[in-house]
Amino acid sequence: MPVSRITTIGLAVLLLLLACSLGSGELGTHSAQGDGDGDGEVKSPPEPGPTPIRRLTRVEYNNTVYQLFGDNSQPANAFPPDEEAGGFDNQADVLVVSPLLAEHYLVAAETLAATHTPTLVQELVNCQGLPVDQASCGSDANEFIRSFGKRVFRRPLTDEEVQTYVSLFTEGAALDQAPFSATMGIQLVVQALLQSSNFIYRVEFGMAEPVDGDVVALTHYEIASRLSYLLWNSMPDAILFDAADAGQLGDPAEIEAQARRMLATPRAREAVRNFHRQWLQLDAIEPLILASGKDPGLYPDFYDGLPLLWRSETEAFIDHAVFEADANVELLFTAPYTMMNQELANFYGVDGPGGVEFTRVDLDPGKYAGFLTQPGLLALFAKPDRSSPIHRGKFVRETILCQVPPPPPDNVPEPPSVDTTQTTREQFAEHSENPVCAGCHSLMDPIGFGFEHFDGIGRYRETEWGLEIDATGQLNGTDIDGAFNGVIELAQLLASSDQVKNCVVSQWFRFGYGRIETEQDECSVDEIRAAFAASNYDIKELIVALTQTDAFRYRHAVQENSP
Amino acid sequence: MTLIRRIPLTRRTVLRGLGGLALGLPLLDAMRGSPAHAGGSEHPKRFIVMYTPNGTIAKNFWPTSVLSETEFQLSPILTPLAKHKDDLLIIGGVDMLSAMAPNLDGKSPGDAHQKGTGGCLTATELLPGNFIGGGGQTAGWAGGISVDQAIANHIGQNTPYKSVELGVAVQGANVGGRISYRGPGQPLPPENSPYAAYQRLFGDSLGDPLEVEQRIARRHSVLDVVAEDYKRLRDRLGGEDREKLHNHLLGIDAIRDRLDKAVVKFDGVCQPLDLGPALDVNKIENMPIIGGLQMDLLAMAFACDLTRVATLMWTNSTSSAVLSFIDPAIKDGHHALAHKGDEETVKVHHNTLINTWYASQLGALIDRLKAIPEGDGTVFDNTVILWTNEQARGNNHDRHDLPYVLAGGVDSVFNTGRYVEFPGDTGHNRLLVSLLNAMDIDATEFGNPIYGTGPLSGLT
């Protein structure tokens, strides 16, 4: 088990800037590597941090076979689920291959090969018809192995590798009913390629010559894969392969240009969606709410179709903000609009669009602000019969501010039953009155109280049981400490917080690089933060900045072990 | 593990030894037996772990009216096991000490559920890592091999599958969702789908014989290339990457090893199963049927001698599954229910119902094994089942007095039909040692020995 240190790059990092030499000192440009004219810029050697080998996740496997074959059967959905760590399913340290998963790889490879070989084999013109000239058919097979194999391995095959698969082709061609079956030969080749370590893992050795000490630049093919799996959660496309073939992925500017091209495609939107689904726990909305349900007596308007709509709303909102509105991260907190379709508009009780498509609907800016007032998350962080200031406050503290409250005591007493003579806030007063509770709950409840105008299914309420709602709250232990009244003010504070922005950077770092940041990544993290700030916190610019760091472009040379 | 001179004797071994061909040989040597057919019986020994999460309700679990080890009343939770009472060994007073160590200097990371689940079969500390536990505590995978795998390494060598890991609605691909480990940081995920598990175990044997033979030949060709590929890359890598590739290669080698021997000759008690129409394995309401199918499959895997070691996980640690199929009045998730205080009588009742249902599933598993004839007895005669939990009580995460139940057939070494209690601070490492010994593994310690060494006395 690889051991990752959790470095909380949250609050105490500023002094680390001292350790980083940022090229010509132009914070916020992407030219941290200098402008290349050698005019005496001080550049410290690259420090890429750790680079554990990354296994394809189920999402990446599905996307990759879609790219390879146009196959949308999503075979990886049958695999054992990816191990989750730090809130993400793509963390290299914990992604392991059990014997069970190895068998699933076998079955998936056999199924994919059986389905697609008939089409693939048509490319081998000298293998068609009868009789087949085995020599010229074999030479077609050789060509196929080079071209198809390159897409599977995401790099050209070595001659030795080609020879291995040519031999397998010959062997396989003899393993059918007919004495020579090119189809069976290709089928076995495809099976073997899809089970290769070069397909299942992202194998990186970097360039042969180190740039400094044991630090090597990645090869152009390796950069192509880093770009495609970061931005698309999938394999490189033809343009990336061409760029790698031409050796045009070494320069930061070339990488940046590719990143910008890729960000403008629908596949990037899907990857960004994947990130938010995991970071903001949007993928928990449906299973958790449906598992615990909502009290039909208190919430007669709730039905099982709502959680899907709620998740779709927040996903559509973020997608719209990032890609249509070119939003900066602050807008995610403050936007006075959301995305709705007709059914969701019925739930909101507003005049919305007709039909099933989600489109922008402006909301009362006195009541709503960004994703924090959207019903999916509010209903997720609620009980079946009431709101939950604790869970809402904990969500903000952990997920938005990247801080971890201490553990709850082992024996948590049953919360008071719903009482129509008291507000929810009043019922949880003991948390602040009882010193045993107050220590930790003061970190969560005063944030969560700001959401009290939203009930257990995330709907706006003026009063609770006819009682006046007190939605004043308090932030402490952050860079935006102070009192606020209601979620609108809370959202403004969060939007203005450097801590929140640094938290967003940390989360993207983890998702983008498949690992938790370490002390060695201080310069990479600083560069991302600087670029993020320089773009006025444009989320797309943050993603581009992820492709410009030492952590992205370099690695420590593999410590080769002799067998 | 240290070798000691210890040869387990069962009642039947002793009888056979005295009356049989052993005369003239030193008595004990003659009964040593081969690893595959250990213990003097001609039938293989088998081992199963059943795991259920979130603790039990102690007052409704432990036997009452206890007059002696053999004279006692089963509690409400264990009542479904009444007809198997003579085959049970109810073990009180054993603590999961390895899962209670405070996290001094980061040496024992994890929250109570993580430690209890990762440690229930490994009896050692978790590795550090980034799995998020309660209150911001974090942990990695378990830090050692699990007892089922240690046993599988010994008695599973000659079967197509060294072990089989099955699950019912197990969620969470993290330390709270895994009990079996090939070694430190090498979890074995359970297969939740009986349909996929059936294909895995029996699929190689289905189809016409020529087709089966050709499929094997092709797989050999492909997997030879694949294994070579992994060897080459493994040997170029260092550190943890190398380890990772090596473990992946072991999985590939396991498939290659069994290609020829995994073809089942359906005959006698070994027959194909009809699993019925496919149900959604993620739906909690389907748990009774899916669980039943998993147990059918497990019993048939034993009947066909595809494996001799299995684990069956019912959901996972901190499972929030609402088990309302047991009683429609149950509306809370299991974990939330388990956290209710002792004074919450209705919730305590619901949690009792849940644990009672799980006991009935253990009974159903025993029923299935007793239904498969083997020699002049049944498959159950040579089987040992451990029912474990990751903690004793859900509402305070107590890991003292774990609710252990062993079920053992007449040819197991265990002296069943008893309720035995151990005095304070008896680490569960020792229970795991007892299980190893019962499977003819000469061991005096397992997991981290600072929590206890040697087998529990008086189980055999």
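Begin with chain A, coloured by domain: chain A is divided into domain 1 (1-51 + 214-264 + 521-563), domain 2 (55-202) and domain 3 (272-407 + 418-495), the bounds coming from an automatic or database domain assignment. The C-alpha centres of domain 2 of chain A and domain 3 of chain A are 46 Å apart.

A note on conventions is in order. The model is predicted: local features need pLDDT of at least 70, side-chain atom pairs count only at pLDDT 80 or more, and totals for chains, interfaces and linings use all residues. Residues are numbered from 1 along each chain as its sequence is written, while chains are lettered from A and ligands numbered from 1 in the order in which they are written.

**Stop 1: helix α3 of chain A**

Select residues 134-153 of chain A, which form helix α3; helices (H or I, at least four residues) and strands (E, at least two) are DSSP runs, numbered from the N terminus. How far apart are the end C-alpha atoms of this helix? They are 27 Å apart, which agrees with the 28 Å that the 20 residues should span at 1.5 Å a residue, the expected span being 1.5 Å times one less than the number of residues.

Now display the side chains of Cys137(A), Gly138(A), Asp140(A), Ala141(A), Phe144(A), Ile145(A), Gly149(A) and Val152(A), which are buried. A residue is buried if 20 or more other C-beta atoms lie within 10 Å of its own, exposed if 12 or fewer, and partly exposed in between, with C-beta atoms placed from the backbone. The buried residues of α3(A) pack against α1 (58-69), α4 (159-173), α5 (182-195) and α6 (197-200) of chain A. Arg154(A) follows α3(A) and has a positive phi, near 65°.

**Stop 2**

Pro266(A) is located in helix α10 (residues 266-279) of chain A. It is exposed, with 8 other C-beta atoms within 10 Å. A distance drawn from the C-alpha atom of Pro266(A) to that of Asp470(A), 204 residues apart along the chain, reads 43 Å.

Next, centre on Cys402(A), in the loop between α16 (389-400) and α17 (424-427) of chain A. Cys402(A) is not a glycine, yet its phi is positive, about 55°. Is Cys402(A) buried, partly exposed or exposed? Cys402(A) is partly exposed, as 19 other C-beta atoms lie within 10 Å.

**Stop 3: the sheet of chain B**

Move to chain B and show its open sheet of seven strands, in the order β5-β8-β1-β11-β12-β2-β13 with mixed pairing; two strands pair if DSSP finds at least two bridges between them. At the edges are β5 (164-168) and β13 (418-427) of chain B, each pairing on one side only.

Continue past β8 to Thr318(B), in the loop between β8 and α10 (334-338) of chain B. Thr318(B) has a positive phi of about 60° although it is not a glycine, and it is buried, with 26 other C-beta atoms within 10 Å.

Then select β12 (residues 404-408) of chain B: five of its five residues are buried. Tyr404(B), Leu406(B) and Gly408(B) are on one side, and Val405(B) and Ala407(B) on the other. Strand β2 (residues 88-95) of chain B runs antiparallel to β12(B) and is joined to it by four bridges, with Ile91(B) opposite Tyr404(B). Strand β11 (residues 383-388) of chain B is likewise antiparallel to β12(B), through four bridges, and Val384(B) has Gly408(B) as its bridge partner.

**Stop 4: domains and the chain contact**

Colour chain B as domain 1 (46-192 + 279-451) and domain 2 (207-271). The C-alpha centres of these two domains lie 30 Å apart.

Finally, show both chains. The contact takes 62 residues from chain B and 57 residues from chain A, two residues being in contact if their C-beta atoms, placed from the backbone, lie within 7 Å. On the side of chain B, β3 (131-132), β7 (187-188), α6 (194-202), α7 (209-236) and α8 (239-258) each supply at least two residues.
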